[in-house]
Amino acid sequence: MTVGVPYSGKSTWVKEFLEKEAPRKYVVVSTDDIIMSLAKQYDLSYSDIFQDAYLVADLIAKHQLDAAIEERKHIILDKTNLYRSTRAKILTGFPSSYQKIARLFPIPSRDDLTRRIAMRKDKII
């Protein structure tokens, strides 16, 4: 489970981790990926569709997570997960046999944040 503010490097870390650690072993559940897919499907930007698509993306992500748990897959949950209550609610859905690991991402400096936002012009939250 990733934990960090937007633009803190969560998705970048997931991508780099998967490149090193055999991607076929993991299922990545990401509302951002779902929103990007929906935006592409409707020929819109992430920013254009975010408000309307977030709840749908969250529901799709929950279904993906449930399916991955049922299939006993290794799962990376790539979301902000900032609230302890949110993390606890998500983790209650996992069987006790799952090892639960949180990867914490520090808040980027103002310069890093500005640079990262500029690199992601298609995604403005």
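Of the 125 residues in the protein, 31% are buried, where buried denotes under 20% relative accessible area, exposed over 50% and partly exposed in between, with a 1.4 Å probe and protein chains only. The model is predicted, and local features therefore need pLDDT of at least 70 and side-chain atom pairs pLDDT 80 or more, whereas totals for chains, interfaces and linings use all residues. Residues are numbered from 1 along each chain as its sequence is written, and side-chain values use heavy atoms, with hydrogens and water left out.

The protein contains 5 helices and 4 strands, these being DSSP runs (helices H or I, at least four residues; strands E, at least two) numbered from the N terminus, and its elements follow the order β-α-β-α-α-β-α-β-α from that terminus. Along the principal axes, the C-alpha trace spans about 40 × 35 × 30 Å.

Within helix H2 (residues 31-41), Thr 31, Asp 32, Ile 34, Ile 35, Leu 38 and Ala 39 are buried. Viewed down the axis of H2, these buried residues fall within an arc of 160 degrees, so they line one face of the helix, the arc being that of the directions from the helix axis to the C-beta atoms. Lys 40 and Gln 41, on the other side of H2, are exposed. The cover of the buried residues of H2 includes strand S2 (26-29) and helix H3 (46-70), with contact defined as heavy atoms within 4.5 Å.
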